[in-house]
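Subject: Handover of a structure and notes on its contents

Dear colleague,

Please find below the structure that I am passing on to you. My notes on what was found in it come after it.

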Amino acid sequence: MVGTEAIAAPSSHLAELLAAIDRFRQRPKADRQPQELAAELKGIRHAGDLLELEFAETAAAFSKTEEYGEQGSVSPIDWIRHQCRMSSGSVWNSIAVGQHLEDLPRSIEAVESAEIGYAHLTLMARTAESVQGSSTAAPFEEDGLLDKAREYSVGRLWYFCHHMRHATDPEEFAAEQSRAAEGRTLKMSTYEDGSLALEGWFDSIGGAVVRSALEPLAQAHGDHDDRGREHRNADAFVEVCSHVQDIGVLPQRPHLQVTASLDTLRAVAGSPAGDMEYSLPVSAATVRRLACDGTITRVVLAPESVVIDVGRARRVVAGAARRALNARDGHCKWPRCERAASWSDAHHIVHWSDGGETDLANMILLCHRHHWMAHEGGWQLVRTDEGEVLAVPPRPPGLARLADAEDPVQAAHQFAEQLRVARSLRIDWPPGERVVAVGDDAAWTRVMEAHDAAHHQANPPSDPDTDPPDPAA
């Protein structure tokens, strides 16, 4: 029996619903054939989806009242989580659906007609919430997402929603990844017996790097390997660290498999995100960083996604070019960083997909942290005529960027002027580390002029339909 004692003063409609559910649960269940079980599963799930819609609408309405506070809860989420015995994530999903019913009318109809499930709808509602909550996103469009929901499983739609968010709001998509990367933690605690406990959290990209390194070494070996999965993971972690110590330098980075379109590599507006093994889709900025000093394999697809050509894998910076770069720079060239060359990547000042050459004049060594800052972090590096490397912080919100003016030089001057005004108002920007090399207007002028000169020289206007330069050229 479904109890009603926990529900205060149920309405007559709710009492009828609970009675109907109770009658259904008392149906004969013996000798049901497989086909009957299959039909019941689909029917019960659809009924549950319809009730989820009602719950979502009611939860959104409840969240606008003050009833939760009068009953001693700190938020409507907290009240629903405890009183309805749900997880926080499930409550957030329900309220998101309830708050976006007017934005998803055709999707609601699709749930009601069993074309898609309620789980599809929660992904669509959370996507609408993210897009509408961003000042940089294009308007949310239901139709394209609904078409994919009809075609895709929930898991596949989850990935597609990430690609859609990147296509409509690449700036916020990359910013979210940056915030997650800044939240990485790894706590190491040593016990009295010398054992070490690790407790950490990694963002999706960092987690993919760790898993890519450990997965090949964490497989069972031989017929008598009875280690559990966690035991093998721990052994693989020790093996990676031991290998670093044995050879004296950091080994070649694990082979991360990233799949991205040419438009994504070029950071074309509206392009999908990149796909990384063991990770959620990654931003165009991340794709460009990994392609800056990685091994590139060209795969050409026909319109129907049939592979028609696979090029030879070529490392972007290798052999004599890498040895010459190591000899010239010696270490990471970020201001005041001296991380050894063997721990650094070859960074293209003007990315090769934008026309930058893979030669010494267009490359510098950057350690992993500073390479990330030069791509996902939004910083720019400019080498002056005297060989000095200047680090340009990301623009503060609301200031000019190259896309805000037709003439890049005009945009640079607008950027510098607005920055001067912001500093005169004592706005605390950028947070954290400040780079002394660009601490005055004269330095900013040199930075902008050097950047524009390098950009125009290495990236002249070209036909957008032509192939990008060969990364190994």
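Predicted model: local features only at pLDDT ≥ 70, side-chain atom pairs only at ≥ 80, totals over all residues.

Residues are numbered from 1 along each chain as its sequence is written, and side-chain values use heavy atoms, with hydrogens and water left out.

Overall make-up

The chain has 18 helices and twelve strands. These elements are DSSP runs numbered from the N terminus, with helices being H or I runs of at least four residues and strands being E runs of at least two. Of the 473 residues in the chain, 35% are buried. Buried stands for under 20% relative accessible area, exposed for over 50%, and partly exposed for what lies in between, using a 1.4 Å probe and protein chains only. Contact means heavy atoms within 4.5 Å. Among contacts between residues at least 6 apart in sequence, 54% join residues at least 24 apart.

Nonpolar cores

In soluble globular proteins, nonpolar side chains tend to be buried together. A nonpolar core is here a set of buried Ala, Val, Leu, Ile, Met, Phe, Trp, Tyr and Cys residues joined through side-chain atoms within 4.5 Å. The largest such core has 25 residues, and L121, M124 and L157 touch the most other members. At least two residues of this core come from each of α2 (34–63), α5 (88–99), α6 (105–112), α7 (118–132), α8 (142–151) and α9 (154–168). The most is given by α7, with seven residues. Not counting residues up to four places away in sequence, M124 touches L104, S107, I116, F140, L145, L146, A149 and L157. There is also a second, separate core of 16 residues, which includes A291, V316, A346 and W352.

Helix packing

Two packed helices are described by the angle between their axes and the distance between the axes. Axes are lines fitted to C-alpha atoms, for helices over the stretch in contact, and angles run from 0 to 180 degrees between N-to-C directions. Angles under 35 degrees count as roughly parallel, over 145 as roughly antiparallel, 65 to 115 as roughly perpendicular and the rest as oblique.

The axes of α7 and α9 are 10 Å apart, and the two helices pack at an angle of about 15°. They are therefore roughly parallel to each other. Their crossing is right-handed; a crossing has this hand if the near helix is turned clockwise from the far one by less than a right angle, and is left-handed if anticlockwise. On the α7 side, the contact is made by A119, H120, L123, M124, T127, S130 and V131, and on the α9 side by V154, L157, W158, C161, M164, R165 and T168.

A second pair is formed by α4 (residues 76–83) and α5, whose axes come within 9 Å and cross at roughly 120°. That angle makes α4 oblique to α5, and the crossing is right-handed. Here I77, I80 and R81 of α4 meet S88, V91, W92 and I95 of α5.

Two residues of α11

V209 lies in helix α11 (residues 204–214), and L214 is found in helix α11 as well. V209 counts as partly exposed because its relative accessibility is 32%, whereas L214, at 14%, counts as buried. Leaving aside neighbours within four places in sequence, L214 is in contact with N233, A236, F237 and V240.

Cysteines

A search of the whole structure finds zero disulfides, a disulfide being a pair of cysteine sulfur atoms within 2.5 Å. For C332, the nearest cysteine sulfur is that of C337, 3.6 Å away. C332 is buried, at 0% relative accessibility, and C161 is buried at 5%.

Backbone

Most residues other than glycine have a negative phi, and most peptide bonds are trans. D31, although not a glycine, has a positive phi of about 60°. D31 is placed in the loop between α1 (12–25) and α2 and is exposed, with a relative accessible area of 73%. R336, also not a glycine, has a positive phi of about 65°. R336 is found in the loop between α15 (319–329) and β9 (344–348) and is exposed, at 60%.

With kind regards
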